[in-house]
Amino acid sequence: MEVSFQTADPSALAADALIVPITSDADLGASDGPFGRLDANFDGELGRLAADARFAGQAAKVLTVPTLGRMTARRLVLVGLGAAAEATPASISRAWGAAALAARDAGAKVVVSMLPPALPN
């Protein structure tokens, strides 16, 4: 396995999958947040898909969505982190493990990830 690090907007990188961390207390309807900016690429359909799947950032819950050419990544892997104030290194590790498995199961070979929110002190 090859791992590399870059400073770039992960949503602009070509990849088979883009992992997007979502906290359960995030406002998925806010257009200025990470989810809202991605949802704009889908004309609001990403938010509707998340609602239909009852995805609301629950810890380690995963929702994989094909991007159908609306982004450079072929699919989004939304992964729940639970409440931001309760996030720990272990809970983030579990979430990324679930997201990586979902990406692999969807056939992804190249995976990029957005960073999780900062951990509480």
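Me: Are α1 and α2 roughly parallel or roughly perpendicular to each other?
Reply: α1 and α2 are roughly perpendicular; angles of 65 to 115 degrees count as that, under 35 as roughly parallel, over 145 as roughly antiparallel, and the rest as oblique. This is a predicted model, where local features need pLDDT of at least 70 and side-chain atom pairs count only at pLDDT 80 or more, while totals for chains, interfaces and linings use all residues. Residues are numbered from 1 along each chain as its sequence is written, and side-chain values use heavy atoms, with hydrogens and water left out.

Me: What angle do α1 and α2 pack at?
Reply: About 115°, with the axes of α1 and α2 7 Å apart. Axes are lines fitted to C-alpha atoms, for helices over the stretch in contact, and angles run from 0 to 180 degrees between N-to-C directions. Helices (H or I, at least four residues) and strands (E, at least two) are DSSP runs, numbered from the N terminus.

Me: Which residues make the contact?
Reply: Phe35, Leu38 and Asp39 of α1 meet Glu45, Leu46, Gly47 and Ala50 of α2. Contact means heavy atoms within 4.5 Å.

Me: OK, the sheet. What order are the strands in?
Reply: The order is β2-β3-β1-β4, in an open sheet of four strands with mixed pairing. Two strands pair if DSSP finds at least two bridges between them.

Me: Why is one side of β2 and of β4 left without a neighbour in the sheet?
Reply: Because β2 and β4 (111-113) stand at the edges, each with a single partner strand.

Me: And how many bridges between β1 and β3?
Reply: Five, and β1 and β3 pair in the parallel sense. Ile22, for one, has Gly80 in β3 as its bridge partner.

Me: Where does α2 lie?
Reply: Across β2 and β3, running at about 140° to β2.

Me: How many residues are in the largest nonpolar core?
Reply: There are 18, and Leu18, Val20, Leu38, Leu46, Leu76 and Leu78 have the most contacts inside it. A nonpolar core is a set of buried Ala, Val, Leu, Ile, Met, Phe, Trp, Tyr and Cys residues joined through side-chain atoms within 4.5 Å. Buried means under 20% relative accessible area, exposed over 50%, partly exposed in between (1.4 Å probe, protein chains only).

Me: Which element gives the largest share of this core?
Reply: β1, with three residues.

Me: Last one: what is the relative accessible area of Arg37?
Reply: Arg37 has 48%, so Arg37 is partly exposed. Arg37 lies in helix α1.
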